Amino acid sequence: MSVFVLRRLMQSGIVMIAMSVIVFFGVNVVGDPIDMLVAPDADQAEIERVIRDFGLDKPVWQQYTVFVSNAFKGDLGTSFIFGESALKLIVERMPATLELAFMALLMAIVIGIPLGLYAGLRPNAISSRLIMSGSILGFSLPTFWVGIMMIMLFAVMLDWVPATGRGDTVSVLGMQVSFLTADGFSHIVLPALNLALLKISLVIRLTRAGVREVMHMDFIKFARAKGLSSSRIVMVHLFKNIMIPVVTVLGLEFGSLIAFSVVTETIFAWPGMGKLLIDAIQQLDRPIIVAYLMIIVVLFVVINLIVDILYSILDPRVRLQDAAN
Amino acid sequence: MTIETSLKPPRKQLFSGDTPMSRFLSEFVESKVAVAAALLLFTIIMAALFAPWITPQNPYDLAQVSVLDARMEPGEQSFDGYTFWLGTDGAGRDLFSAILYGLRISLSVGVTSGIIALVIGMSVGLIAAYVGGRTETFIMRIVDLQLSFPASLVALMLLALMGKGVDKIILALVVAQWAYYARTVRGTALVERGKEYVEAVTCLGLSHARVLFLHIMPNCLPPLIVVGTVQTAHAIALEATLSFLGVGLPQTEPSLGLLIANGFEYVISGKYWISIFPGIALLITVVSINLVGDQLRDVLNPRLRK
Amino acid sequence: MNTPNTLTVKNLKTHFFTKAGVVKAVDDVSFSVKPGEILGLVGESGSGKTVTGFSLIGLVDEPGRVVGGSILLNGDDLARKNEKQWRELRGKKIAMIFQDPMMTLNPVLRIDTQMIEAIQAHEDISKQSARQRCREALVRVGIASPDERLASYPHQFSGGMRQRVAIAIALLHEPDLIIADEPTTALDVTIQAQILYEVRKLCSETGMSLIWITHDLAVISGLADRIAVMYAGRIVEQGSIDEVLDAPLHPYTKGLIESVPSRNKRGAKLYQIPGMTPSLLNLPAGCAFSSRCSAKQSDCLVATPEITQLGEERQVRCFHPVKQEEMA
């Protein structure tokens, strides 16, 4: 187990190094680094200070070392607009984004798995076909447009929930969260559902496919031959088997939830890091863009690592393989 | 029957009545939904191509647009008696016309980026499969690395660094998508490379390029076409998303995504039509491409043939 | 001879209603099994022997259905049970062992989970006492260190070990009848021999009846008391193991026996029944075996032969049974 984790950690380290090289050279090749680091209205002295600080007069590989060592110190530049550390600004916004993404993930599980189970266990029922057609639609609908339609329907026409913002928050373990207050919950439902829509469709299809596959396995028939009730067969024998692919995919999709939250946050004015990024792009606040880039890479690598470990815990066969290696 | 015919080398059939094309068409029309989607898609493409001739007004010709007509509801009439069936936007443009012009831009950006990504991805994938060894490992590591990030994020990051523009969004879409093509092509090319006909033509002393592009490549096309349709639909939706976010196309190139974005500010005041109709146009386009792609996959995948 | 039968199957019909037509997988099958008796159900793949087994435990999958006949287990007609009553019977009165031990145990659940749930499905019993029963059952099928085994996952076991676990699970409630569907086909020959020996012993010890479904006459010859040969959904010959193997009456049985390698002379060409099992979807008129039968005559192509009873337990479904002097 520890060998397995260690190996995955090393792989993650290599990915991080590769991505930092790409980001660094992306910044240097695609754009002028001075543009990236200095506010457009900065004077000559400021430009020279930055050139000195970041070693822009040095060879490229030395600049990269400076970039990396600064990044390790948590210095990814200073926001032009806010005048604060870009990293700090993003970290401040991160809980809002994480809360939204977790909420969406939860919705994908709570809505997607039962519907997928139902559609898989009764493949020929009309209701199952409706669920599957709905999930195809869920794949094809552009998220941002659905978000607008949701605001129009639920916030403007029906006036059930507020259209934008985060509402009241409470502090839990030092993080501000919305979903524990009534006002905050009414604010998070719509954006979380919007973000979850694609994943709900995905979970429905994955679960259904898993059910169809596993229900034909001999061990299900053997379980029936033992005289087990169908609820025990579905909830234990079937469920544990289909959970492996579902959890793996959902884990990997958590990263894309964070990525897609850029769209949802913009529509619902949710004060997370995605909205910060879009604002930064519009205001040419480049240090924030670079910092977001590095943080999202770290997040993705960490998520992939956690999913790998989780997968090995869920599937005893993988655990054994690794023990043997 | 179909299994037997498909076992014959495809070239022979060019001389018989049962050409691959006619067989393809007869299998494609088996699904009524796919035929309807293909017809719809054809209509959309035609409408976009001939937009200047079929729209009642050129929404970007200031002489034809009057701010006095701004935010008219669907079905209202302008001063000169023309009915805006889909209403007008904030600047008084006829939405129906604006949507067709928008489709033109959305489709051309999506298809252009799709084709470029296909050519690049295909070349890279073919080379990886044909050369093998370390080159292949290296290329595929990059492909895997990129595919571990969502395409939308890759495109968004590039645009964040580069700024707006038609050329930039096409570049971003190409970078975001090439890896999907490369992975697909490499997979099929590896299978093809192991087949005897490749061994045979190699023994004939043909050049590598000839073997690769004249013999292996045509056999990799069917799965590539399927991935191509799906990816083009993705590209169109992604462009709309990015333009909506304000990082894609500039206001001078009003694609469907920008039309939706422009209508967004009126949604709160209940003026639904400015956002909803361009969205429906986008939805119909994406869904019909996907439906056509689904049927193509069923027809072109030999394993699924009955 | 007067002991009541554990199982009496009369005119069982299990049909599959497919889009292409009705497949009569089991068509008018009758047989019985006495307490402690082992019945070998022999046939090629597609002969309906497995579907017969599933019909007896009420596990025929869609689009299949038992459409006729009766299944009397100790006088109780199972063919009329609803799903709830079936569930109470399965595992308790009738148990089943499957062909591929690699596939019958759930890969993500531990052995103890899969054994204890089988007990708790039928008895209100604490986990501890259930676990104790599992331990005893494992020991009975020859598994050493049962505690360690109980805490393992199926993939940590060999195929033979897994099949022993499956047998142990089948034995948990000491059912009246066990249906074993080719349980040793997927195993090594040595393991097969051990398991056969143990199964035989368990049957005589407990008085359980056993239906052993197989295509392998060599396996059945050392195991079963009686044998029923199936072909194209029907039983074509039935009788005690010695009678059938030494003096087969149906040309198909004869062909099967002659194609067993050990019964042939070394170096002689092994006999092969010509042709293939016909598709059950559209059986030709007349005897289903006629197209492959060396003894067929014109009447074989016209009508389906009925069962000829030749004594208490001996029967054959053939117009022109093999005359005994031919077998030498």
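Q: In which segment is T6(C) found?
A: T6(C) lies in the segment before β1 of chain C. Helices and strands here are DSSP runs numbered from the N terminus, a helix (H or I) having at least four residues and a strand (E) at least two. The model is a predicted one, in which local features need pLDDT of at least 70 and side-chain atom pairs count only at pLDDT 80 or more, while totals for chains, interfaces and linings use all residues. Residues are numbered from 1 along each chain as its sequence is written, and chains are lettered from A and ligands numbered from 1 in the order in which they are written.

Q: Is T6(C) buried or exposed?
A: T6(C) counts as buried because it has 25 C-beta neighbours inside 10 Å. The term buried requires 20 or more other C-beta atoms within 10 Å of the residue's own; 12 or fewer makes a residue exposed, anything in between makes it partly exposed, and the C-beta atoms are placed from the backbone.

Q: Which residues does T6(C) touch?
A: Leaving aside residues up to four places away in sequence, T6(C) touches V33(C), K34(C), P35(C), L73(C), N74(C), D176(C), L177(C) and S209(C). Two residues are in contact if their C-beta atoms, placed from the backbone, lie within 7 Å.

Q: N74(C) came up just now. Where is N74(C)?
A: N74(C) is in the hairpin of β4(C) and β5(C), which has 2 residues between the strands, and N74(C) takes a positive phi near 50°. Strand β4 covers residues 64-73 of chain C, and β4 and β5(C) pair in the antiparallel sense over 2 bridges. Strands pair if DSSP finds at least two bridges between them. One bridge joins L72(C) to D77(C) in β5(C).

Q: What order do the strands of that sheet have?
A: The sheet is open, with 4 strands of chain C in the order β2-β1-β4-β5 and antiparallel pairing. Strands β2 (21-33) and β5 (76-77) of chain C are at the edges, and each has a single partner strand, so one side of each is left without a neighbour in the sheet.

Q: How many bridges are there between β1(C) and β4(C)?
A: There are 8 bridges between β1(C) and β4(C), which pair in the antiparallel sense. V9(C), for instance, has I71(C) in β4(C) as its bridge partner.

Q: Which helix lies across these strands?
A: Helix α1 (residues 49-56) of chain C lies across β1 (7-18), β2 and β4 of that chain, and runs at about 70° to β2(C). The angle is taken between N-to-C directions, from 0 to 180 degrees, using lines fitted to C-alpha atoms, for helices over the stretch in contact.

Q: Turning to the whole chain, how many helices and strands are there in chain C?
A: Chain C has 11 helices and 12 strands. It is as compact as a globular protein of its length, because its radius of gyration of 21 Å is close to the 20 Å that the globule rule gives for 328 residues. That radius is taken over C-alpha atoms, and the rule is 2.2 Å times the number of residues to the power 0.38. Of the 328 residues, 45% count as buried.

Q: What does the secondary structure of chain B come to?
A: Chain B has 12 helices and 0 strands. Buried residues make up 43% of its 306 residues.

Q: Which pair of chains has the most contacts?
A: Of the 2 pairs of chains that touch, chains A and B have the most contacts. In that pair, 33 residues of chain A are in contact with 32 residues of chain B. The side of chain A that touches chain B receives the most from α7(A), which gives 8 residues. That side divides into 25 nonpolar, 8 polar and no charged residues. Nonpolar here means Ala, Val, Leu, Ile, Met, Phe, Trp, Tyr, Cys and Pro; Asp, Glu, Lys and Arg are charged, and the others, Gly among them, are polar.

Q: How many residues of chain A are in contact with chain C?
A: 20 residues of chain A are in contact with 26 residues of chain C. The largest share of this side of chain A, 7 residues, comes from α9(A). Its residues divide into 8 nonpolar, 4 polar and 8 charged.

Q: How far apart are chain B and chain C?
A: Chain B and chain C do not touch, and their nearest C-alpha atoms are 15 Å apart.
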